[in-house]
Amino acid sequence: MSAVVRAVRTSPLEAPLHDPFVIANARLDHLRNVAVEVELDDGTVGVGEIAALPPITRETQREAEQAVERVGPTLAGLDPSDAEAVEERLRLALPELAATRAGIEQACWDAAARAAGQPLWRRFGATAHDVITDVTLPMVDPDRAATLATQWRERGFRTLKIKVGRNLHDDLARIGRVVEAHPSAGLVLDANEGWSVQDALTAVRATRRLGGRIALLEQPVPRDDLDALARLNRDAGVMVAADEAVHTEEDVARIASQRIASCINVKLAKSGVAGALRLIAAARREGLATMIGAMVESRIGTGFAAHLAAGLGGFTVVDLDTSLLLAEDPVLGGTVLDGPRWEVTGVDRGHGGGVRR
Ligand SMILES: [Mg+2]
């Protein structure tokens with residue numbers, strides 16, 4: 001008889017950031033997420049994270065807390081390892097709040113792993129694959145971007161993700177300084193929907209002329225303009241990933257059949273845990289590459305995703321670096337990010353993390 005859910009609680013998961021996190025469609029100065037704790041009747045507690053970053057996520061911190069208060073009692077008595085039952089109940093109760101569902105699902109998976117005495121990655125696969133993340137350079141001025149890039153490269157990061165998409169002139173200056181300082185780094189250019197096709201082609205050509213190596217062009221154009229994304233996928237000469245344009249298996253099927261992108265960025269906060277597993281399976285069936293990313297999250301959310309990536313393996317890009325943006329670590333214990341490497345095998349039960357109070 002396996003343990004069942006007894007209670008669901010939240011607590012704030014907050015920390016200041018080193019630099020304001022400025023991207024094409026949002027700005028964040030202080031992390032204000034929500035930790036979800038799912039307690040089982042044997043006393044085991046699992047922990048998940050709700051990313052609250054409107055307009056990227058639908059819910060604010062307060063709305064996420066209220067949603068958990070509402071749905072928590074309806075989960076009592078459920079087996080946390082019955083991922084389908086958990087997901088179904090959450091989808092019925094919170095159809096619009098994907099990030100909140102993802103945090104509660106994470107807490108259930110973590111509780112099930114801890115109750116079984118297993119590290120979390122074991123729930124997703126038989127061996128632990130290496131999980132090596134890129135690191136993000138936010139929209140800072142070119143010199144600051146180059147300085148940050150140097151610091152990260154000295155700590156072992158091989159791939160730099162450059163946030164672009166608000167002003168092409170500034171983007172080119174930032175990319176140029178980073179490439180000049182680090183010509184051998186792999187580059188992910190993430191415009192968060194902020195470019196036109198012409199902007200993207202200009203940036204790709206300019207980066208190449210400088211000798212920069214683009215590993216991936218991420219959601220360069222608006223999510224609804226699938227024709228524009230498909231044109232870039234055909235003409236840019238680099239791998240193009242859909243991020244904001246992919247949430248469901250239907251999106252994956254359309255992206256594959258119409259060759260809209262060659263890679264999809266999977267985030268738990270967009271699709272939940274069970275949903276992410278279905279997206280990844282669908283993408284791989286269709287021959288698309290997969291990337292795993294996160295919203296701005298602490299080591300609870302990104303650590304969970306790292307365990308999923310370790311168990312499944314096969315991700316072309318791992319973008320699980322946002323705990324590095326935080327000036328204070330709000331997580332007690334948990335999975336360690338050592339340079340660019342997630343040390344998932346250093347954890348005995350679940351992801352091992354809790355909220356520092
Ligand atoms: Mg993105």
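Two strands are taken to pair if DSSP finds at least two bridges between them. Helices (H or I, at least four residues) and strands (E, at least two) are DSSP runs, numbered from the N terminus. The model is a predicted one, in which local features need pLDDT of at least 70 and side-chain atom pairs count only at pLDDT 80 or more, while totals for chains, interfaces and linings use all residues. Residues are numbered from 1 along each chain as its sequence is written.

## Domains

The protein chain is divided into domain 1 (5-117) and domain 2 (122-355); such bounds come from an automatic or database domain assignment. The centres of domain 1 and domain 2, taken over C-alpha atoms, are separated by 22 Å. To the contact between them, domain 1 gives 40 residues and domain 2 gives 36 residues. Two residues are in contact if their C-beta atoms, placed from the backbone, lie within 7 Å. On the side of domain 1 that touches domain 2, the elements giving two or more residues are strand 1 (5-23), strand 2 (26-40), strand 3 (45-50), helix 2 (83-93) and helix 3 (98-115).

## The antiparallel sheet

Strands of a sheet pair through backbone hydrogen bonds, either parallel or antiparallel. Three strands form an open sheet in the order 1-2-3, and the pairing is antiparallel. Strand 1 and strand 3 are the edge strands, each pairing on one side only. From one strand to the next, the twist averages 20 degrees. Angles run from 0 to 180 degrees between N-to-C directions, and axes are lines fitted to C-alpha atoms, for helices over the stretch in contact.

Strand 1 and strand 2 run antiparallel and are joined by 14 bridges. The bridge partner of I23 in strand 2 is A26. Helix 3 packs on this sheet, where it touches strand 1, strand 2 and strand 3, and its direction makes about 155 degrees with that of strand 3. Helix 10 (residues 299-312) also lies across strand 1, strand 2 and strand 3, but runs at about 105 degrees to strand 3.

Strand 2 and strand 3, likewise antiparallel, are joined by six bridges. V38 has G46 as its bridge partner in strand 3. The two strands form a hairpin with four residues between them, and G43 in the turn has a positive phi of about 95 degrees. Strand 3 is mostly covered, with five of its six residues buried. A residue counts as buried if 20 or more other C-beta atoms lie within 10 Å of its own, as exposed if 12 or fewer do, and as partly exposed in between, with C-beta atoms placed from the backbone.

Eight strands form an open sheet in the order 4-5-6-7-8-9-10-11, with parallel pairing. Strand 4 (135-137) and strand 11 (317-318) stand at its edges with a single partner strand each, so one side of each is left without a neighbour in the sheet. Strand 4 is joined to strand 5 (residues 159-163) by three bridges, and the two run parallel. Within this pairing, L137 has I162 in strand 5 as its bridge partner. Helix 9 (residues 268-285) packs on the sheet, touching strand 9 (263-267) and strand 10 (289-293), and its direction makes about 150 degrees with that of strand 9.

| Helix | Buried residues | Exposed residues on the face turned away |
|---|---|---|
| Helix 4 | A145, A146, A149, W152 | D143, Q151, E154 |
| Helix 6 | A200, A203, V204, T207 | Q198, R205, R209 |

The expected span of a helix is 1.5 Å times one less than its number of residues. For the 13 residues of helix 4 (residues 142-154) this should be 18 Å, which agrees with the 18 Å between its end C-alpha atoms. Seen down the axis, the buried residues of helix 4 fall within an arc of 125 degrees, so they line one face of the helix. The arc is that of the directions from the helix axis to the C-beta atoms. These buried residues pack against strand 4, strand 5 and helix 5 (168-181). Helix 4 is followed by G156, whose phi is positive, near 105 degrees.

Helix 6 (residues 197-209) has 13 residues that should span 18 Å, and its end C-alpha atoms are 18 Å apart, which agrees. After helix 6 comes G211, with a positive phi near 90 degrees.
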